[in-house]
Each structure stands twice: as C-alpha cells, then as structure tokens.
Amino acid sequence: MTNNKFKILLIEDELNIHSFMQTILEAEGYQVLKATTGAQGKLIFRSHLPDLILLDLGLPDMDGTELIREIRSYSVTPILVLSARIQETDKVEALDLGANDYITKPFGTAELLARVRAALRSQRSFSGGSPQGGWKSQDLEIRYDQRRVFVHGQEVHLTQTEYNIVSLLALHSGKVMTYSAIITAIWGSSDNGSIKKLQVNMANIRKKLHSRPGENNIIYNELGVGYRMCEGSDWQLPEPGSQN
Ligand code: CA
C-alpha cells in the first residue's frame with residue numbers, strides 16, 4: 001500500500017533524526033514537512049494541515065507537552081510523540097493531554113512505520129462509526145458482528161468484560177491505550193480497585209489467548225502506561241445483496 005496522500009509533520013530539533021526519519025517515511029510514500037522548533041511547527045501545522053504530527057518532547061523553544069495541549073484545543077489530528085524520556089509519567093502525561101501514542105528513542109524503522117500506520121488508522125476509524133465485520137492479526141481473529149474470538153482458528157470463550165477489553169484494544173491496534181482510557185471505556189468510571197480489576201481480567205485474557213511475552217505476544221504490556229494490541233487489520237462484511 002502506498003500512502004502518497006498522507007502528509008506528516010515532523011517537529012524535531014535534532015537534524016540527524018530529521019534526515020533518518022525523512023528517508024524512511026519518504027521511501028514509504030509519505031510526504032514529510034519539517035520543523036525544528038515548536039513555533040515553526042505551529043505555523044506549518046496551520047498552513048499545511050498535515051494528517052499526522054510526529055512530535056519531539058524536548059524542543060528548544062518550548063516543551064512538546066505544551067504544544068500537544070495547544071493543538072488539542074482546536075484539532076484532532078493524530079499526534080505521535082517521539083520521546084527520549086524513559087519515565088512512564090511523561091508518557092502518561094503526553095497521552096492524557098491527547099497524544100495518540102508515543103515511541104521511545106532510539107527506535108527502528110519497522111517500529112516507526114508500525115506506529116505511523118496505527119496512528120493514521122485510528123484517525124480514520126473515528127469517522128467509521130460502530131464496528132462491522134471483524135479484525136485479524138497473524139494469531140488472532142475477532143468477529144465483531146458475532147462477538148466471537150478465535151486464536152489460530154480455534155474459538156476462545158471470553159467473558160463479556162474480557163471480550164469488551166479485547167475488542168477495544170483491537171479497535172486501537174498497534175497503539176498504546178493507557179490504563180485509565182481502558183478503565184473508563186469498559187467500566188465507565190474508575191475507583192481504587194480499577195487497576196487491579198483490569199490486571200486480573202488481562203491476566204485471564206492472556207492465558208486464554210495463549211499470549212506470552214517474547215513468543216506469542218498478542219497483547220503487549222507497556223509497563224506503567226497501559227496495553228498495546230499487536231498490529232492487525234479490519235475487515236468488513238459485504239453489503240447485503242452485493243456480489244462479492
Ligand atoms: Ca530534542
């Protein structure tokens with residue numbers, strides 16, 4: 001698939017990272033717009049309306065989180081944070097302010113492209129309404145229309161809550177979801193026991209899906225931040241009466 005219509009704004013002050021990322025993204029068919037300061041990033045954002053923003057948190061003229069806050073006040077354009085910071089609190093703060101995902105430096109080509117695809121896909125699915133059809137990765141298949149889950153073709157029996165968590169993660173596959181975002185989506189509100197409740201459900205889900213870190217990793221635990229479903233793709237049921 002070529003994505004030559006997608007414009008990506010890269011806001012980053014390190015020039016070697018600029019050229020590395022520009023090469024990778026352009027080879028994949030994306031158009032890259034470049035800014036080296038927050039102020040320049042804002043100007044280009046307003047004049048070119050990119051489809052995705054790749055944002056470094058440590059900019060010379062402002063903190064990247066400030067820019068997330070500002071852009072989120074008037075735009076839902078996906079923001080993927082490039083962070084050298086390893087503290088979970090920084091990642092959670094960026095996500096809570098409205099960033100869609102983050103990637104920790106140093107990162108490789110495959111990881112960068114996977115995050116970019118997931119962020120662009122999440123933007124499209126917002127306008128898609130309720131899920132029809134299903135979702136499929138190498139190991140896992142979900143039929144949203146029947147609320148059924150299969151691992152390597154074998155049906156897996158999940159509780160309602162477990163199914164809701166798995167389908168929520170699949171709808172955002174490839175992208176991290178914070179603990180609080182999952183808890184709010186599944187239970188509506190959070191209390192002191194929420195994280196524990198989520199962890200217990202997640203342990204049962206991983207057991208049932210035979211998802212184990214390192215080998216058959218379907219759901220990744222991003223320690224201190226949240227969970228990330230492996231990359232996969234949506235499929236749609238044919239329209240009633242269509243020939244295909
Ligand atoms: Ca920087």
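Glu12 is buried in this predicted model, with a relative accessible area of 0%. Its salt-bridge partner is Lys105, and the closest N and O atoms of the two are 3.0 Å apart. Glu12 sits in the loop between β1 (7–11) and α1 (15–27), while Lys105 belongs to the loop between β5 (101–104) and α5 (109–126), so the pair ties together parts that are 93 residues apart in sequence. Lys105 is buried as well, at 15% relative accessible area, because the cut-off for buried is under 20%.

The whole structure holds 12 salt bridges. One of them joins the side chains of Lys42 and Glu70, at 3.1 Å from N to O. Here the link runs from helix α2 to helix α3, so parts 28 residues apart in sequence are tied together. Another pairs Arg115 with Glu111 at 3.2 Å; these residues are 4 apart in helix α5, a separation of about one helical turn. Arg115 is buried at 10%, whereas Glu111 is partly exposed at 31%. Both also take part in a salt-bridge network with Asp101, Glu222 and Arg228.

Turning to the metal site, the calcium ion has Asp13 (OD), Asp56 (OD) and Gly58 (O) as its protein donors, 2.2 to 2.4 Å away.

Notes: Residues are numbered from 1 along each chain as its sequence is written. This is a predicted model: local features need pLDDT of at least 70, side-chain atom pairs count only at pLDDT 80 or more; totals for chains, interfaces and linings use all residues. Side-chain values use heavy atoms; hydrogens and water are left out. Donors are N, O and S atoms within 2.8 Å of the metal (3.2 Å for Na, K and Ca); water is not among the atoms, so sites may look incomplete. A salt bridge is a side-chain nitrogen of Lys or Arg within 4 Å of a carboxyl oxygen of Asp or Glu. Helices (H or I, at least four residues) and strands (E, at least two) are DSSP runs, numbered from the N terminus. Buried means under 20% relative accessible area, exposed over 50%, partly exposed in between (1.4 Å probe, protein chains only).
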